[in-house]
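Here are a few exercises to work through with the model on your screen. Try each one yourself before you read the solution.

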Amino acid sequence: MLRALTEAGAISRAELARRTGLAPSTISAVVGELAAEGLVGERGRPVAVAGAGAALGRPGTLVALQRRAGTVLGVDFGKRHVRVAVADLAHAVLAERARVVAEDLPAAEAIVVAAELADSALADAGATRADVTAAGMGLPGPIHAGTGELGDSTILPGWVGVRAADELRAALGLPVEIGNDANLGALSEWRWGAGRGARDLVYVKASTGIGAGLILGGRPYHGSGGTAGEIGHTVIDPRGSICRCGNRGCLETIAGVPAVLGALREARGESLTIGEALARAAAGDTGCARAIADAGRAIGTAVATVDNLVNPSRVVVGGDLAPAGDLLLGPLREALRLAAIRSAAADAEVVAAALGERAEVLGAVALALERGVDHVLDQAAWFNPRP
């Protein structure tokens, strides 16, 4: 029941019985006991991640875990930011903090920033580290499942070879789970955003780097070593520029944010930011629109290969380029249609992400929720049968 409640956030008794296979009378009895302990309470409609558009309500009274059951912490480390979110086990985001940091900040310094933001966000939520059952963290780049180390193709060179989860665990004094940022984006969009209801999903994060997170058969898929979905290093132009991974003509060298801005630098100036480029494109600047469309076509060509391999029902596009909307997605869809086999292309609905820049930190929250219920079960004396 605790696992079902943690997964659902808020749920009817009938649905709880369906998910657990327990009799309705058993559900009512256990809910009553948990409510008496202050761990479960009734709610009139689902609790959802703020801004995810999921608070539509269901008929009847729902039950959800209360604050006493604990909170979780999500941390997202990016190229130029650190973002933290605190949520309860009913999926309600209680507080968020973010800070712009220097590009390529060393891991040790970024962890200090994360700890400061975590304490501030917890204070905002009226909680402390003692209330946190688990933390999740996300980093851009391949994270080896066996060692927990970031691979050398990451866009964060200061983290290469660092056992990131161990370092954050030591700084916070909390259990920490780690995930690749695209995988976490896939997890959050699948749970709360544009990927809800899809059993086979590809989430594409198009930012400084380009990565894909996979949900296959209703379960996250990371590959044997944790590096599945690295489409940014798909070779698009064998004669193209050398990529940071050492290959030539990778997708990131053509469609990553630095490549988009590089194509515009001579015509639009050195100081142009991606936000300004997107705004100019939306206002009718044909050069900026062309650079974004070119990126969309390149991404669509790479996604077509993924489409042929795993046949997803939905492709969700997020990251820094996603606010371009159909200026990016239109060319992406067309390239996908041309490069994928017809049946696979027809099955794949391409949509914009719903959670925006929060997708990765909310994915870290989702990762922590999966670990948080285990901690509750491990620590909860109330769960032991009474004599």
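**Exercise 1.** How many bridges join strand 12 to strand 13, and which way do the two run, parallel or antiparallel?

*Solution.* Keep in mind that you're looking at a predicted model. Start at strand 12, residues 314–318: 4 bridges join it to strand 13, and the two strands run parallel.

**Exercise 2.** Work out which strands stand at the edges of the open sheet.

*Solution.* First write down the order of the 5 strands, which is 11-10-9-12-13, with mixed pairing. Next, look at the ends: strand 11 (219–221) and strand 13 (349–352) each have a single partner strand, so one side of each has no neighbour in the sheet.

**Exercise 3.** Describe how helix 8 and helix 10 pack.

*Solution.* Take the angle, about 160°, and then the distance, with the axes 9 Å apart. Angles over 145 degrees count as roughly antiparallel, so that's the label for helix 8 against helix 10. The crossing is right-handed. Finally, check who meets whom: Val260, Leu264 and Arg268 in helix 8 meet Gly287, Cys288, Ala291 and Ala295 in helix 10. By class, that's 5 nonpolar, 1 polar and 1 charged residues.

Notes. Residues are numbered from 1 along each chain as its sequence is written. This is a predicted model: local features need pLDDT of at least 70, side-chain atom pairs count only at pLDDT 80 or more; totals for chains, interfaces and linings use all residues. Side-chain values use heavy atoms; hydrogens and water are left out. Axes are lines fitted to C-alpha atoms, for helices over the stretch in contact, and angles run from 0 to 180 degrees between N-to-C directions. Angles under 35 degrees count as roughly parallel, over 145 as roughly antiparallel, 65 to 115 as roughly perpendicular and the rest as oblique. A crossing is left-handed if the near helix is turned anticlockwise from the far one by less than a right angle, and right-handed if clockwise. Contact means heavy atoms within 4.5 Å. Ala, Val, Leu, Ile, Met, Phe, Trp, Tyr, Cys and Pro count as nonpolar, Asp, Glu, Lys and Arg as charged, and the others, Gly among them, as polar. Two strands pair if DSSP finds at least two bridges between them.
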